[in-house]
Amino acid sequence: LKNTELPEEYRKLLETAKSKKREISKKLAGLSGKKIAGFDDFVHACHDEAFSGIDCSKCANCCSGLGPLFTQSDISRLSSFTGIKPGDFSQKYLRIDEDGDTVFREMPCPFLDENLCSCYEARPRACREYPHTDEKYMLTKMKRLAQNAQYCPAAFRVAMMIIEKYCR
Ligand code: SF4
Ligand code: SF4
């Protein structure tokens, strides 16, 4: 667990996610490439249900340990927000990882302030979209959901609801 201050309830969810890691990966991988009518609608309803019981401001596990991939427009927006020139912003905060993606130089995120995002209006697109459970074409995103279920208690709940309905 990345955030050592996680509430007990979220910690337990992530411990269960860890103990079921192989099962979750295998079952969700089994859905990839299938055609299931209404799948996106089902996942989006699961997303709403999962987040109705989870308060991100008490969690921040994604901001503590995962961090976003940056696009050029993310860098421009954050550069304006912070008043730091894009080149200087990149040098100060970012690095290229082993996959060639632009990521934060260090985690926890430098903009994380007591579980809240201090650049919320200008945060990277990937932060806005995390954990990617209310997007289209969810059947193509099962591998990523299985990975995110290890970090995000809400994504874990969504993963388990999908498994309960479609992988029995
Ligand atoms: S920019 Fe904000 S939302 Fe994104 S990882 Fe940092 S604190 Fe979290
Ligand atoms: S998106 Fe998930 S990991 Fe991030 S703060 Fe919310 S519940 Fe926690």
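**Entry 1: the whole model**

How much of the accessible surface of the protein belongs to carbon and sulfur atoms? I began with this question, keeping in mind that I am looking at a predicted model, and I found that the accessible surface comes to about 9,900 Å², with 49% of it belonging to carbon and sulfur atoms. I then looked up the charges, and the mean positions of the 27 positive and the 24 negative charges turned out to be 6 Å apart.

For the overall dimensions I took the principal axes, along which the C-alpha atoms fill a box of roughly 50 × 35 × 30 Å. The radius of gyration is 17 Å, and I note that this agrees with a compact globule, because a chain of 168 residues folded that way would have a value near 15 Å. Of the 168 residues, 39% count as buried. I also checked the contacts with a separation of 6 or more, and 70% of them are between residues 24 or more positions apart.

**Entry 2: the order of the elements**

I listed nine helices and four strands. Reading from the N terminus, I wrote down the order as α-α-α-α-α-α-β-β-β-β-α-α-α.

**Entry 3: the cores**

Which residues have the most contacts inside the largest nonpolar core? I found that this core has 32 residues, and that the ones with the most contacts inside it are Leu28, Leu31, Phe39, Met142, Leu145 and Ile162. At least two residues of the core come from each of α1 (8-19), α2 (21-31), α3 (39-52), α8 (142-148) and α9 (153-166). The largest share is that of α9, which supplies eight residues.

**Entry 4: leucine 13**

Is leucine 13 buried or exposed? This residue is found in helix α1, and its relative accessibility is 16%, so it counts as buried, the cut-off being under 20%. Not counting residues up to four places away in sequence, leucine 13 touches Ile54, Pro153, Phe156 and Arg157. I also looked up its separation from threonine 71, which is 58 residues apart from it along the chain, and the two C-alpha atoms are separated by 31 Å.

**Entry 5: cis peptide bonds**

I noted a cis peptide bond that joins methionine 107 and proline 108, with omega about 0°, and I placed proline 108 in the loop between β2 (102-104) and β3 (112-113). The peptide bond from tyrosine 130 to proline 131 is cis as well, with omega near 5°, and proline 131 has its place in the loop between α7 (125-129) and α8.

**Entry 6: positive phi angles**

Where is alanine 60 found? I located alanine 60 in the loop between α3 and α4 (61-65), and its phi is near 60°, which is a positive value in a residue other than glycine. Alanine 60 counts as buried because its relative accessibility is 6%.

Asparagine 115 also has a positive phi, near 75°, and is likewise a residue other than glycine. I found asparagine 115 in the loop between β3 and β4 (116-117), and with a relative accessibility of 23% it counts as partly exposed.

Methods:
Residues are numbered from 1 along each chain as its sequence is written. Chains are lettered from A and ligands numbered from 1 in the order in which they are written. This is a predicted model: local features need pLDDT of at least 70, side-chain atom pairs count only at pLDDT 80 or more; totals for chains, interfaces and linings use all residues. Side-chain values use heavy atoms; hydrogens and water are left out. The radius of gyration is taken over C-alpha atoms; the globule rule is 2.2 Å times the number of residues to the power 0.38. Buried means under 20% relative accessible area, exposed over 50%, partly exposed in between (1.4 Å probe, protein chains only). Contact means heavy atoms within 4.5 Å. Accessible areas come from the Shrake-Rupley method with a 1.4 Å probe; for residues, only the protein chains shown count as cover. Lys and Arg count as positive and Asp and Glu as negative; His and the chain ends are not counted. The place of a charge is taken as NZ of Lys, CZ of Arg, CG of Asp or CD of Glu. A nonpolar core is a set of buried Ala, Val, Leu, Ile, Met, Phe, Trp, Tyr and Cys residues joined through side-chain atoms within 4.5 Å.
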